[in-house]
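Student: Before I work with a model of this kind, I would like to learn how its features are read from the atoms. Could you take me through them?

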Amino acid sequence: MKKLIIVFGLIAGAITSAWVLIYSSIGNPMESEYGMYYGYASMILAFSLIFVAVKSFRDKHNGGTISFGKAFRIGLYITLIASTFYVVAWLINYFFFDPGFMDGYADKMVAKMKAENAPQAKIDEYAADMKQFMTMYQNPFFNAVITYMEILPVGLIVSVISAAILKKKTVAA
């Protein structure tokens, strides 16, 4: 089971990390209104390997049966490996290659609020909140926690769905 988790976790981690590296080399995905969707699509693609891993373990290594708990644990461990790859790739990208990311994001969001004719007080409040957030985001630990919060829920949801679909108990003869 450990080898299966490591192999699928590394592949899923490579997929999620590749997304970070690809968009950092072609430009900021937030410049596109669909950037967030591309990012989450890459996460779902990577985490689809959880389903494959659980099914493989159930059918090839566990006699065709698996409990919800064991299936979920496999998904959880794959999620943790892939998420860690994603977070490390993001931290390297952010601190070494794109340290102005948050400035650009904040500017884009303020421009969007102005285009939607938001009240100036609301824009000013948002800008002040973003300035405070950007200061905290410079802390690598805080940055990592926020980045984990971006990807972990996706992996956990896929793990629950995969475990629910693939659970199979032995049939008494």
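**Reading the features of a predicted model**

Tutor: Let us begin with a single residue, keeping in mind that this is a predicted model. T147 is found in helix 6, which covers residues 140-166.

Student: Is T147 buried or exposed?

Tutor: The general idea is to look at relative accessible area, where a residue under 20% counts as buried. T147 is buried, because its relative accessible area is 1%.

Student: Which residues does T147 touch, if those up to four places away in sequence are not counted?

Tutor: With those sequence neighbours set aside, T147 touches Y86, V87, W90 and Y137.

Student: Let us turn to the rings. How many aromatic pairs does the structure hold?

Tutor: A pair of aromatic rings is described by two quantities, the distance of the centres and the angle of the planes. In this structure there are nine aromatic pairs. One of them is formed by Y94 and Y137, whose centres are 5.1 Å apart and whose planes stand at 80°, an edge-to-face arrangement. This pair links distant parts of the chain, with Y94 in helix 3 and Y137 in helix 5 (residues 120-137), 43 residues apart. Y94 and Y137 are both buried.

Student: Why is the pair of F133 and F142 edge-to-face?

Tutor: The angle decides it, because planes over 60 degrees apart count as edge-to-face. The planes of F133 and F142 are at 70°, with the ring centres 5.7 Å apart, so the pair is edge-to-face. As for accessibility, F133 counts as partly exposed at 23%, and F142 likewise counts as partly exposed at 23%.

Student: Which residues are linked into a cluster by ring pairs?

Tutor: The cluster that ring pairs build consists of W90, Y94, F95, F101, Y105, F133, Y137 and F142.

Student: How many salt bridges does a search of the whole structure find?

Tutor: The general idea is that side chains of opposite charge can pair when their charged atoms come close. Searching the whole structure gives two salt bridges. In one of these, the side chains of K55 and D59 meet at 2.6 Å, N to O. K55 and D59 are four residues apart in helix 2 (residues 35-61), so about one helical turn separates them. K55 is partly exposed, with a relative accessible area of 33%, and D59 counts as partly exposed at 36%.

Student: What is the N to O distance in the salt bridge between D59 and R58?

Tutor: The side chains of D59 and R58 meet at 2.7 Å, N to O. R58 is buried, with a relative accessible area of 9%. Salt bridges with shared partners therefore join K55, R58 and D59 into one network.

Technical notes
Residues are numbered from 1 along each chain as its sequence is written. Side-chain values use heavy atoms; hydrogens and water are left out. Helices (H or I, at least four residues) and strands (E, at least two) are DSSP runs, numbered from the N terminus. Buried means under 20% relative accessible area, exposed over 50%, partly exposed in between (1.4 Å probe, protein chains only). Contact means heavy atoms within 4.5 Å. Rings of Phe, Tyr and Trp (its six-membered ring) pair if their centres lie within 6.5 Å; planes under 30 degrees apart count as stacked, over 60 as edge-to-face and the rest as tilted. A salt bridge is a side-chain nitrogen of Lys or Arg within 4 Å of a carboxyl oxygen of Asp or Glu.
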